[in-house]
Amino acid sequence: MGLLLIYLILLCLGIPWYWPADSTLVWMGFPGWVISSIVVSILASIVTAIALHSKAGALDE
Amino acid sequence: MNNLVPLSLGAWLFVSCYLGSLLLIGWIAKKARTENTMRDFYLAGHGFGTLMLFMTLFATQYSGNTFFAFTGATYRIGYAWIVSLHFMTAVIVVYLLFAPKLHLLAKKNGFLTPGDYINNRYTNKLLVLLVTLVMVAVLANFLLAQLMAMGRAMQGLNPESGATSYNVGVIILALIMLAYGTLGGMRAVVWTDALQGGVLMIGFAFLIVMLFDRFGSLEKATQMLMHVDLTTGSRKVLVPSADQCRQWLSYILAVGFGICLYPQAIQRIYAASSLKTLKRSMTLMAFMPIPTMLISLIAGIMALAYLPGLEGASSDQIFGQVLREVQLHSALGNMLVVVILSAILAAMMSTADSALLSLSSMLTKDVFAKLFPHSLSEEELTRLGKALSCLMLFFLVVLAITLKDKSSLVQLLDRKLDMLLQLVPAFILGINWKKLDGRAVMAGLIVGVTLALIMAFGNLSFVTNGKVFGFHPGIIALGPNLGVTILLSLWFNGKRKLVKNNYDFSVKRKVS
């Protein structure tokens, strides 16, 4: 359940619905909302890697 | 790719040698064969190590087509296509739900096809047939699209010959693909996958560097597009609208659940040499969307800023224009484009070959062997599989040539994800919920597929651009599918318990 909650939070943060529609922030060549989306995606990858090891590791071969 | 500078004789020679090397790989893979069985041909015997499995999972998830189709998508909708980063990550998250358990089951029971799991889990032959039919329809569609893309790529390389280039391209590339696939089976496909994946990643990284060299920084391109957004009201750089945000959610769910249920993806889960190998490969895969999707996003943004003017379906040609710019920029750029083009052609063939191999394994094992059990030996079944590959490919090549001017017809048929999504209960729920009943899964699948097809082709007023309120029809249809599956499973379980209780009661009464 904890993992599902983490993914739900990441899903909510990854979609930029909460960004002001007229935001013109540009950082490192990308719009600000794209940077936040990329950061969330990296976090999702890290969580998945950790979950993959702990969850799959728990199974018996 | 109709905008390329015509290739020189040397460049054509390189492309021919590159494609010819695939035949050599097929021959080496044949020599590496340890036994003449279906398992060896379709799953490479005892399976792949971490690196090979990672490369083939990568090539399965990102075909050669992905790079320029995604560049075209970015060109059309702008930065909002960053959603591709999320839906490609979602694929690995969904694998987490079922792949480790499925791998262990496959090793224990010697699964070869997706139908083997369905048979083992539900012992329902009709359900095996139904799931196989859905998967065969999806794969045939997928294969046809790849063949047509191969023909168009060849037409782009030799535009003067027009339709002849397309036809000859489809036939020659299909023959090469068939030759190395039939020689080396899964081993040949995976080894060519690894080669193409590696060349494409390195080639595209160089391509981005060359684009920066040709046009300037990404910041400059973003600022230019931002200015266009602010003056014209478009949203290529500005925050996506509410409707686009809804579409993001739909894409994340549809691609996440759909792609990992491709039969060739399931067979790669079976083909891992161990759980540890699978786990390591998937850990690497979890980080691949970041470089891969960012490369096509940046290429699309640079094209949008500096090569504007293409609209609608013609925007898919933008990748050709980007390559042309790189070709004209320098001699090194010209060489890079030739290497990238060869790798793209080979990657398309490799992707198509994975689908063909999967298709032939399902038709042989889940259809023929189920209809005529014990009629053929393992060796004969493998030969039959190869013959079926030839037959299917011949049929699809004829179709690809016949439909070459009717791409819209193919787009209409392009409902692969909508169909695959209906298999979520059978595979993902089935592996995690012991009470799931095969008859309930079958009823849910029929409801889901029917609804998805009605919404996709029914010309309904509430369906706009193939989406229902921004959602894929497959996602909408999955709701009733899951509802029917879960409710019927609970009902069947309740009935079973009731029968068991009545039986216990009558036995106890007799004893007393």
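This is a predicted model: local features need pLDDT of at least 70, side-chain atom pairs count only at pLDDT 80 or more; totals for chains, interfaces and linings use all residues.
Buried area is the accessible area, taken with a 1.4 Å probe, that two parts lose on being put together, summed over both.

Let's start inside chain B. How much area do domain 1 and domain 2 of chain B bury between them? About 2,500 Å², with 71% of it on carbon and sulfur atoms. Three residues stand out on the domain 1 side. B:Arg415, B:Gln422 and B:Leu429 supply 24% of the area that domain 1 of chain B buries against domain 2 of chain B, more than any other three residues.

Now the contacts. On domain 1 of chain B, 30 residues touch 32 residues of domain 2 of chain B. Salt bridges between these two domains: zero. Polar contacts: nine residue pairs, both partners at pLDDT 80 or more. Which elements of domain 1 of chain B give two or more residues to this side? Six helices of chain B: H6 (114–122), H7 (125–157), H10 (242–259), H17 (407–413), H18 (416–421) and H19 (424–432). By class, that side of domain 1 has 20 nonpolar, six polar and four charged residues.

Next, chain A against chain B. Here 37 residues of chain A are in contact with 40 residues of chain B. The two chains bury about 3,300 Å² between them, and carbon and sulfur atoms give 78% of that. Again, the salt-bridge count is zero between chain A and chain B. The polar contacts come to eight residue pairs across this interface, both residues at pLDDT 80 or more.

Where does chain A make its side of the interface? Helix H1 (2–14), strand S2 (30–31) and helix H2 (32–58) of chain A each supply at least two residues. The largest share comes from H2(A), with 17 residues.

One last stop, back in chain B. B:Ser274 sits in the loop between helix H11 (263–270) and helix H12 (275–286) of chain B. Is B:Ser274 buried or exposed? Buried, because its relative accessibility is 17%, and the cut-off for buried is under 20%. The side chain of B:Ser274 also makes a polar contact with the side chain of B:Thr277, at 2.9 Å.

That's the tour. Over to you.

Technical notes:
Residues are numbered from 1 along each chain as its sequence is written. Chains are lettered from A and ligands numbered from 1 in the order in which they are written. Side-chain values use heavy atoms; hydrogens and water are left out. Contact means heavy atoms within 4.5 Å. A salt bridge is a side-chain nitrogen of Lys or Arg within 4 Å of a carboxyl oxygen of Asp or Glu. A polar contact is a pair of N or O atoms within 3.5 Å; within protein, one must be able to donate a hydrogen and the other to accept it, and residues adjacent in sequence count only if both atoms are side-chain atoms. Helices (H or I, at least four residues) and strands (E, at least two) are DSSP runs, numbered from the N terminus. Ala, Val, Leu, Ile, Met, Phe, Trp, Tyr, Cys and Pro count as nonpolar, Asp, Glu, Lys and Arg as charged, and the others, Gly among them, as polar. Buried means under 20% relative accessible area, exposed over 50%, partly exposed in between (1.4 Å probe, protein chains only).
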